[in-house]
Amino acid sequence: MLFNSYAFVFLFFPVCLILFYGSKRAGKARTGRAALILLSLWFYGFVNPDNLPVLLGSMAVNYGIWLLMKRSRVFLWPGIGVNLLALFFFKYTGSAFVPLGISFFTFSQIAFLVEGYKGKLKNTGFGDYALYITFFPKLIQGPIAFPEEMEEQADRALRAPFDWEGFYRGLCLFILGLSKKVLLADVLGRAVDQGYGNLAVLNSWDSLIVMLSYTLQIYFDFSGYCDMAQGTARMLGFSLPVNFDSPYRASNIIEFWKGWHMTLTRFFTRYLYIPLGGSRRGRARTYGNILIVFLVSGIWHGAGLSFVVWGMLHGVLYVVTRWRMDVKKDRKEAFGRSKVQETGKRLREGGKHALCVAATFLYVNAAWVFFRAPSLKEAVRLFSGIFSFRSGRINRELAGCFNLDEFWYVIKVLHIDRWQYAHYILMAVILAAAVCLVFFAGTARSAAERVRPCVLHAAVMAVLLVWCILTFSNVTSFIYFNF
């Protein structure tokens with residue numbers, strides 16, 4: 001089931017709220033937990049019931065391994081191996097059926113086994129485990145929560161009284177995330193699909209617009225989902241971990257990964273980077289460990305070679321950036337810095353920071369081409385279009401992907417459509433608005449936290465919600481559903 005669907009907004013979530021809060025009102029925390037688990041299974045199997053046997057089978061096997069680990073911890077590695085084999089079978093052997101969200105719930109299973117091995121989940125029962133794995137806001141696309149986080153959240157949410165203010169903030173966050181997805185990501189996605197479907201006819205400007213559109217699309221699509229997931233969880237009294245924090249404002253690739261898909265980064269840090277030795281065994285080993293993490297990240301996202309290239313593009317720049325920072329640190333410790341140098345540094349800081357942000361954003365744009373392109377061949381073709389330096393008017397069909405009916409009607413009423421460049425107005429406005437939101441606006445999470453219940457805010461949220469609902473017939477699934 002999609003958050004951006006009539007079934008979720010008008011059927012599933014109202015039923016979820018009634019059953020969950022009805023159980024709490026009756027003082028039956030156990031019933032509330034059971035209701036959330038069953039509702040989450042309904043949410044997961046709604047589109048394709050064939051997904052359910054895989055999820056339930058995975059849960060049965062992993063909980064069985066957990067019980068065996070209570071007797072002997074030697075079952076940890078076989079347990080991790082079983083999960084990785086299942087992931088490999090469905091994603092990398094050409095299987096005709098790939099269960100929805102298998103990458104995300106597999107990582108949750110691994111986290112459960114490892115934390116159980118560390119002794120952090122001694123009092124965890126099957127209900128706690130099942131809720132951790134199936135909790136519908138995070139099940140299909142994250143954020144990737146650790147089991148001890150969910151256990152703590154569940155204990156509080158199942159017993160705490162209803163929080164009107166928290167519910168309102170969660171609703172606002174859900175609406176803002178829904179707006180990101182429906183009003184921005186899906187519009188940008190139409191242009192991306194049109195561009196990649198017609199690479200041969202794109203000139204340099206067309207190719208740049210397609211590249212920028214995907215960079216913006218994947219951000220608004222994935223961060224919009226996470227906002228909706230956090231908002232939904234907040235309305236139920238849960239607090240999911242933050243997954244995005246203005247990543248495109250980063251001045252280097254290290255800062256970018258501190259703000260992009262943050263729960264995946266901390267998962268790899270805890271369960272791959274640190275076990276490999278982290279930064280404890282010298283710089284050469286540290287840089288090697290970083291490259292391994294990014295290689296695994298690329299493979300996790302997809303089976304194609306283009307995902308490996310995407311991962312290594314980030315990994316190599318990450319290592320180079322880390323090496324430069326290490327060298328600067330060594331020089332500063334060896335020679336110090338004079339007051340004159342510090343003053344000069346502050347004077348140059350503003351301009352240098354802006355250039356670094358622009359350079360990092362451009363690099364991330366280029367890397368996303370390999371992430372989106374169906375193959376390396378198509379990625380190269382897009383870059384060939386960019387560097388062909390073929391100028392000319394932007395492809396009208398590409399620009400037409402931005403022409404939303406509700407705005408195009410206004411343009412026609414005002415007779416602006418008679419202008420020869422009228423078909424490019426909405427493209428320019430939407431791209432400019434998306435870029436401004438990325439670089440200058442606060443996060444949806446911070447906006448939801450600042451909002452105060454009042455008539456004006458409620459009216460704005462109501463308008464956004466109605467606008468999104470009226471657009472549901474044209475929406476698409478989320479990009480990360482494929483992973």
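Predicted model: local features only at pLDDT ≥ 70, side-chain atom pairs only at ≥ 80, totals over all residues.

Modeller: Residues are numbered from 1 along each chain as its sequence is written, and side-chain values use heavy atoms, with hydrogens and water left out.

Colleague: Why is Asp128 called buried?

Modeller: Buried means under 20% relative accessible area, exposed means over 50%, and partly exposed lies in between, with a 1.4 Å probe and protein chains only. The relative accessibility of Asp128 is 19%, so Asp128 counts as buried.

Colleague: Where does Asp128 lie, and what does its side chain reach?

Modeller: Asp128 belongs to helix 6, which covers residues 126-134. Helices are DSSP runs of H or I with at least four residues, numbered from the N terminus. The side chain of Asp128 reaches the backbone nitrogen of Gly125 at 3.1 Å. A polar contact is a pair of N or O atoms within 3.5 Å; within protein, one must be able to donate a hydrogen and the other to accept it, and residues adjacent in sequence count only if both atoms are side-chain atoms. Apart from neighbours within four places in sequence, Asp128 is in contact (heavy atoms within 4.5 Å) with Arg33 and Asn123.

Colleague: What makes Ile425 partly exposed, and what makes Tyr409 exposed?

Modeller: Ile425 has a relative accessible area of 24%, and therefore it is partly exposed. Tyr409 has 57%, so Tyr409 is exposed. Ile425 is placed in helix 19 (residues 425-440), and Tyr409 in helix 18 (residues 405-413). With neighbours within four places in sequence left aside, Ile425 is in contact with Ile416 and Trp419.

Colleague: Which residues make the nonpolar surface patch of about 620 Å², and how is such a patch defined?

Modeller: The patch is made by Tyr409, Val410, Leu414, Ile416, Trp419 and Tyr421. Patches consist of residues with over 30% relative accessible area and no salt bridge; like charges are joined within 9 Å, and nonpolar side chains (Val, Leu, Ile, Met, Phe, Trp, Tyr) within 5 Å. The areas come from the Shrake-Rupley method with a 1.4 Å probe, and for residues only the protein chains shown count as cover.

Colleague: What is meant by a nonpolar core, and how many residues has the largest one?

Modeller: A nonpolar core is a set of buried Ala, Val, Leu, Ile, Met, Phe, Trp, Tyr and Cys residues joined through side-chain atoms within 4.5 Å. The largest has 152 residues, and those with the most contacts inside it are Phe8, Leu236, Phe238, Tyr248, Trp260 and Trp368. Helix 9 (residues 164-196) gives the most to this core, with 17 residues. Not counting residues up to four places away in sequence, Leu236 touches several residues, including Phe13, Leu17, Phe135 and Ala157. In soluble globular proteins, nonpolar side chains tend to be buried together.

Colleague: How do you know that Arg270 and Glu148 form a salt bridge?

Modeller: A salt bridge is a side-chain nitrogen of Lys or Arg within 4 Å of a carboxyl oxygen of Asp or Glu. The closest N and O atoms of Arg270 and Glu148 are 3.1 Å apart, and therefore the pair meets the rule. Arg270 lies in helix 12 (residues 262-273) and Glu148 in helix 8 (residues 147-157), so the pair ties together parts that are 122 residues apart in sequence. By this rule the count comes to 14 salt bridges. Glu115, Lys118, Lys120, Glu148 and Arg270 are linked in a network of salt bridges.

Colleague: What makes Arg169 and Glu165 a salt bridge, and is each of them buried or partly exposed?

Modeller: Their closest N and O atoms are 2.5 Å apart, so the pair falls within the limit. Both lie in helix 9, 4 residues apart, about one turn of the helix. Arg169, at 6% relative accessibility, counts as buried, whereas Glu165, at 41%, counts as partly exposed.

Colleague: Why is Ser213 called buried?

Modeller: Its relative accessibility is 0%, and therefore Ser213 counts as buried. Ser213 is found in helix 10 (residues 204-235).

Key
Helix = DSSP H or I, 4+ residues; strand = E, 2+ residues; numbered from the N terminus.
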